[in-house]
Amino acid sequence: TTVRVWSAIDGTHLHTLEGCTSAVRALVVGADGTVYSASRSPEGLVRMWSGIDGRCLGAALEHHSSEIILALAVAANGTLYCGSSDGTTMVWSGGEHVRTLTGHTAAVVALAIGTNGRLYSGSLDNTVRMWSMADGTLLTVLEGHEDAVVAVAVGVDGAVFSGSKDTTIRVWTAEDGRLVRALKGHTAVVWCLAIGADGTLFSGSSDKTVRVWCCMTGGLRYVLCGLDSDISALAIGVNGTLYAGLQQERVIVVW
């Protein structure tokens, strides 16, 4: 029910953001340092915090009245996207509801901002949808996964990566959502993806490994193993440090 803020330099605990009434399901940090969090509560609220001193910044945004927010993404201009268990994504700007993106037939559990003015949403309906961030138009549907899409990331060149319960990662073109290749190797659900500044792709799975891939060729570089827990979250620091959240152990491992 809390969000903890840590120093990326030495791992020191800096702040604890309190106020959520249930487990935090989604978390994202804006370009201005604002932290947005959504918990698995029926109120459908997004809470906003200062990443500098941990202050709560005003009232929470009201989302779907009886649905659970499962994914968050924030654009460089501060526009906030909230994916929900009802299959929709709500768009907020300046604290005001702008529009609702509809089309998925199951929960939206992953969101990613593209480099080309596009938003990508991953869903339990096995698809990724590509939207125009300018007006909310659905541009195309990326189909090919055989099970739920639970992770979406965008590469430095704009290519789109999707992780699925079918154990694969699929790579799509930024322009038209065409399938480029499928990356295989994980033996369980691919829960999370992260991309380094050099274009390296990291994938975390319930098979208790992190796999490291070349984004350009799809080649496997190496495997980080020896962990005793599902990898539920990945993040890359500004200095290239890799952070992995271990679900059962409730710790963060740093490489």
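## Cavity

The structure, a predicted model, holds 1 cavity of 30 Å³ or more. A cavity is, on a 1 Å grid over the protein atoms alone, a set of points where a 1.4 Å probe fits but cannot get out. The largest cavity has a volume of about 30 Å³, a volume being the space filled by probe spheres set on the points, which are joined across faces, edges and corners.

Its lining (residues with an atom within 4 Å of a point) consists of Y81, V91, R99, L101, L119, W131, S132, M133 and G136. These divide into 6 nonpolar, 2 polar and 1 charged; Ala, Val, Leu, Ile, Met, Phe, Trp, Tyr, Cys and Pro count as nonpolar, Asp, Glu, Lys and Arg as charged, and the others, Gly among them, as polar. At least two lining residues come from each of β10 and β13 (128–132); strands are DSSP runs (E, at least two residues) numbered from the N terminus.

## Sheet

Four strands form an open sheet in the order β7-β8-β9-β10, with antiparallel pairing. Because β7 (69–74) and β10 (96–101) stand at the edges with a single partner strand each, one side of each is left without a neighbour in the sheet. From one strand to the next, the twist averages 20°, with axes as lines fitted to C-alpha atoms and angles running from 0 to 180 degrees between N-to-C directions.

Strand β7 pairs with β8 (residues 80–84) in the antiparallel sense over 5 bridges, where pairing requires at least two bridges found by DSSP. Within this pair, A71 stands opposite G83 in β8.

## Basis

Residues are numbered from 1 along each chain as its sequence is written, and side-chain values use heavy atoms, with hydrogens and water left out. In this predicted model, local features need pLDDT of at least 70 and side-chain atom pairs count only at pLDDT 80 or more, while totals for chains, interfaces and linings use all residues.

How values were computed
1 Å grid on protein atoms, 1.4 Å probe; cavity = no way out; pocket = protein on both sides within 12 Å on 5 of 7 lines; lining within 4 Å.
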